[in-house]
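The tour goes from stop to stop, with a selection at each one.

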Amino acid sequence: MRWLIFLATLFVALPLYALEPGEALSDPAQESRARVLMAELRCMVCQNETIEASRAPFAAEVRTLVREQVAAGRTDNEIKTFLSSRYGDAILFRPRLGLSTWVLWLGPFMLLGLGAIVVVISIRSAREKPSEVPLSTEEQKQLKNLLGTGGDPKQ
Amino acid sequence: MIPELGHFALVLAFALALVQVLASFAGVSTKNDRLANMAAPAALAQFICVGTAFVVLTISFLSSDFSLNLVADNSHTAKPWLYKLSGVWGNHEGSMLLWVLILAGFGAMVAYGTRSLPQDLKNRALCVQGLVGLVFLAFVLFTSNPFLRLDPAPFEGLGLNPVLQDPALAFHPPLLYVGYVGLSVAFAFAVAALWRGEVNAAWARFVRPWILLSWSALTIGIALGSWWAYYELGWGGWWFWDPVENASLMPWFVATALLHSAIVTERREGLKAWTVFLAMTAFAFSLLGTFLVRSGVLTSVHAFANDPARGVFILAILAVTVGGSFALFAWRAPLLKSDAIFAPISRESALLFNNLLLTVCAATVLIGTLYPLVLEAITGEIISVGPPYFNSTVLPLAIPLLLAVPFGPLLAWKRGDMRGVTQRLMLVAFITIGVMILTFVLTRSSPGFAFLGIGLGTWMVLGSAKDLIDRVKLARLPFATSLRRAAGLPRAAYGTGLAHAGLGIMIIGISGAGSLHDDHVAVLAAGQSLNLGGYELQLDTTGLYEGPNYYSEYGDFTVSQNNRVVDQLRAERRIYPAEGQATTEVGMHATLWGDFYVILGEEQDNGSGWAVTAAIHPLVRWIWFGALFMCFGGLLSMSDSRFRIGAPRGAKARQTGNTAS
């Protein structure tokens with residue numbers, strides 16, 4: 001049976017945890033920085049997975065790159081620039097603010113502002129008293145009748 | 001022969017849906033009641049037909065009838081019966097049939113489950129429901145027919161994707177669909193109201209239980225999906241901002257907003273047009289979610305249907321539904337005047353604030369999900385929008401909303417007393433600060449801001465409790481009196497409290513699991529151990545065994561804490577030969593305070609042992625406990641007596657009901 005499993009593993013992509021023994025950097029501060037970075041990078045050959053979580057060889061390759069760069073003392077920004085020039089902008093899960101992405105980044109806050117204006121206007125208009133047209137005698141009579149017989153307790 | 005019966009029933013259902021739409025439309029337009037009243041029996045007959053088709057498909061799956069193309073592609077004789085059953089909706093065609101079944105079921109419930117619903121409103125709503133059913137039946141029959149035969153029939157089926165062979169995932173799609181499709185009822189009532197040109201408190205009271213049902217089902221359906229991802233995908237993640245997850249989150253945000261705005265319509269006859277608008281938007285988001293998942297336009301693990309014809313069909317449904325209903329809205333909404341008057345500090349204003357943030361959250365998820373698609377279509381530029389984007393846009397929107405949650409139920413309608421409410425929440429605020437300090441001290445070794453999130457969650461849980469405590473006047477009146485008040489409190493009050501507290505519990509879980517997790521990977525041979533977070537994990541043995549439809553490599557582990565054995569775990573890697581795929585089965589030592597999570601990796605080439613990963617996910621279970629609370633709260637509100645339409649309402653119920661939310 002063992003050979004069967006072995007055979008199967010040859011053809012099957014195993015969805016497994018991405019960490020491999022011996023991959024991690026020895027300095028815990030550097031390692032945690034590298035991990036944070038990896039969680040913001042996309043595994044380009046996978047479907048919506050991060051470099052940190054993916055088992056694909058591509059992800060392992062980029063993990064090695066990121067760790068090398070972190071160990072070499074590069075800043076996060078330098079590493080991201082390096083990776084996006086090498087693999088394209090799509091590797092960044094956090095798109096950079098630019099000409100083609102300002103709607104993406106500012107859109108939600110513009111909508112919030114717009115919505116806030118609408119809410120303020122509707123609250124203000126809800127405060128206004130309805131126009132005070134005096135009741136006609138007919139209406140006053142109706143009102144008296146209603147009050148006399150007791151209205152809906154809800155009112 | 002039996003599958004043909006199902007096929008025939010489905011065609012008949014299509015014809016009945018057509019009758020339902022035409023008869024009710026003609027009847028309502030010409031004020032011919034006998035014609036219009038045909039809608040209800042047609043809806044019931046349609047449900048019976050779709051039900052027959054569904055039962056037939058289920059029988060075909062359970063009996064492994066591989067002469068059906070769908071069964072041959074998605075089932076296997078060696079599968080346990082539960083997964084033969086869930087295989088019915090574990091594929092595109094079957095899941096669309098389930099969609100239509102739930103739709104027809106809700107149609108029948110509107111027709112016969114709500115006796116005191118005004119006949120005219122019912123007929124109009126059934127007309128709209130029938131139209132939705134008609135369109136989706138056409139979709140199933142013409143692009144996704146589950147009853148297509150295969151000749152010659154194969155001896156064995158291809159099987160079901162093994163990651164989908166899981167109890168949580170067996171019930172994840174039906175629950176999500178109850179949520180999505182339940183919103184179609186709210187949509188039908190919204191369009192019917194526009195058609196009539198009238199929205200009143202009674203209308204909101206008819207719609208509210210449906211919104212609550214959809215919301216509860218969506219909540220628990222999304223949570224099940226997340227729970228499944230946590231233990232099945234094998235790296236301990238529980239939310240990925242995957243486009244398909246977003247597709248269910250968007251209708252959830254809008255349904256949550258709708259749930260709250262409908263309260264204003266019901267209690268104060270306010271926000272009428274807005275509530276109608278939200279009801280239509282919520283269903284539009286359901287359709288959008290169906291489109292995104294079913295058309296395969298997204299590159300994501302869930303998009304297993306890659307047929308552009310289907311995509312175009314659903315897109316057409318979406319365009320017509322959204323275009324048609326919003327055009328109707330633009331035309332008729334001016335008829336829906338709300339003359340509710342309220343002060344800037346009032347429950348109405350608080351609910352407006354809630355609606356503003358929730359709809360902007362939904363819009364943000366929409367922008368982030370569709371942006372890469374649109375950008376690529378327009379400029380050819382390829383970008384990825386992932387978790388960092390959503391975390392840094394949705395969280396800042398959510399935090400003020402969550403902070404405000406305890407204030408809402410304490411504020412009075414029309415004119416609230418902010419200073420009074422703040423005073424009532426003083427004690428809660430002090431306890432919250434205490435909890436934050438305690439958390440900060442306990443977690444100071446790990447980076448991150450867990451204490452802020454845990455504080456926020458605590459604030460919400462205690463704030464919700466405070467509302468209930470105040471309402472029964474606990475400790476201010478004799479205990480027996482408080483108890484009597486507690487019994488008299490409407491269920492909706494408990495529902496609100498539970499749902500809000502559940503959200504707080506979930507926030508605590510998200511904060512703990514999101515910023516306090518830790519992991520460690522090592523190569524272990526039998527007898528060796530690793531240490532993580534105060535736990536010692538020892539690999540005892542490894543071995544192989546054969547399951548019903550898979551082979552497994554497993555490792556048995558002992559978990560100890562302070563030299564005391566606390567648990568024995570098994571972690572596996574399973575190979576499914578029929579499907580040619582593998583899954584991981586993680587080992588978990590679960591406690592209320594966190595999970596100790598073990599993943600068996602590969603055997604090392606040099607024979608030094610196995611790669612073993614241990615991870616700690618603090619408070620992670622609170623996420624799903626919270627969701628359970630929320631779902632239960634929603635269902636409790638739904639069972640409130642004031643929604644039991646036609647039930648006699650006592651004077652007492654009316655009084656307490658008046659202050660309820």
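Start with the rings: a search of the whole structure finds 30 aromatic pairs over all chains. Select Trp274(B) and Phe277(B): their ring centres are 5.6 Å apart and their planes are at 20°, so this pair is stacked. The rule takes rings of Phe, Tyr and Trp (its six-membered ring) as a pair if their centres lie within 6.5 Å; planes under 30 degrees apart count as stacked, over 60 as edge-to-face and the rest as tilted. A pair of aromatic rings is described by the distance of the centres and the angle of the planes.

Before moving on, note the ground rules. This is a predicted model, in which local features need pLDDT of at least 70 and side-chain atom pairs count only at pLDDT 80 or more, while totals for chains, interfaces and linings use all residues. Residues are numbered from 1 along each chain as its sequence is written, chains are lettered from A and ligands numbered from 1 in the order in which they are written, and side-chain values use heavy atoms, with hydrogens and water left out.

**Around the stacked pair**

Stay on Trp274(B) and Phe277(B). Both lie in helix α11 (residues 272–295) of chain B, 3 residues apart, about one turn of the helix. Helices (H or I, at least four residues) and strands (E, at least two) are DSSP runs, numbered from the N terminus. Trp274(B) is partly exposed, at 29% relative accessibility. Phe277(B) is also partly exposed, at 26%. The classes are buried under 20% relative accessible area, exposed over 50% and partly exposed in between (1.4 Å probe, protein chains only).

Next, select Trp105(A), Trp239(B), Trp241(B), Tyr389(B) and Phe390(B). Ring pairs link these residues into a cluster.

Now go to Arg124(B). It lies over the face of Trp195(B), 5.0 Å from the ring centre. Then pick Arg332(B), which lies over the face of Trp331(B), at 5.1 Å from the ring centre. The criterion is NZ of Lys or CZ of Arg within 6 Å of the ring centre and within 35 degrees of the ring normal.

**A buried threonine**

Select Thr219(B) in helix α9 (residues 201–232) of chain B. Is Thr219(B) buried or exposed? Thr219(B) is buried, with a relative accessible area of 5%. Leaving aside neighbours within four places in sequence, Thr219(B) is in contact (heavy atoms within 4.5 Å) with Trp252(B), Ala627(B) and Met630(B).

**Backbone stops**

Go to the peptide bond from Asp151(B) to Pro152(B). This bond is cis, with omega near 0°. Pro152(B) sits in the loop between α7 (119–143) and α8 (167–196) of chain B.

Lys414(B) is next. Its phi is near 70°, a positive value in a residue other than glycine. Find Lys414(B) in the loop between α15 (407–410) and α16 (418–424) of chain B. Lys414(B) is partly exposed, at 45% relative accessibility.

Then take Lys473(B), with a positive phi of about 55° although it is not a glycine. Lys473(B) is in the loop between α18 (450–472) and α19 (479–488) of chain B. Its relative accessible area is 30%, so Lys473(B) is partly exposed.

**Along strand β5**

Select Val565(B) in strand β5 (residues 564–576) of chain B. Val565(B) is partly exposed, with a relative accessible area of 49%. Beyond neighbours within four places in sequence, Val565(B) is in contact with Thr558(B), Val559(B) and Ser560(B).

Move to Arg574(B), found in strand β5 of chain B. At 14% relative accessibility, Arg574(B) counts as buried. Apart from neighbours within four places in sequence, the contacts of Arg574(B) include Tyr545(B), Tyr550(B), Gln581(B) and Glu585(B).

**Last stop: chain A**

Buried residues make up 36% of its 155 residues.

Finish on Leu106(A), in helix α5 (residues 102–127) of chain A. Leu106(A) is partly exposed, at 40% relative accessibility.
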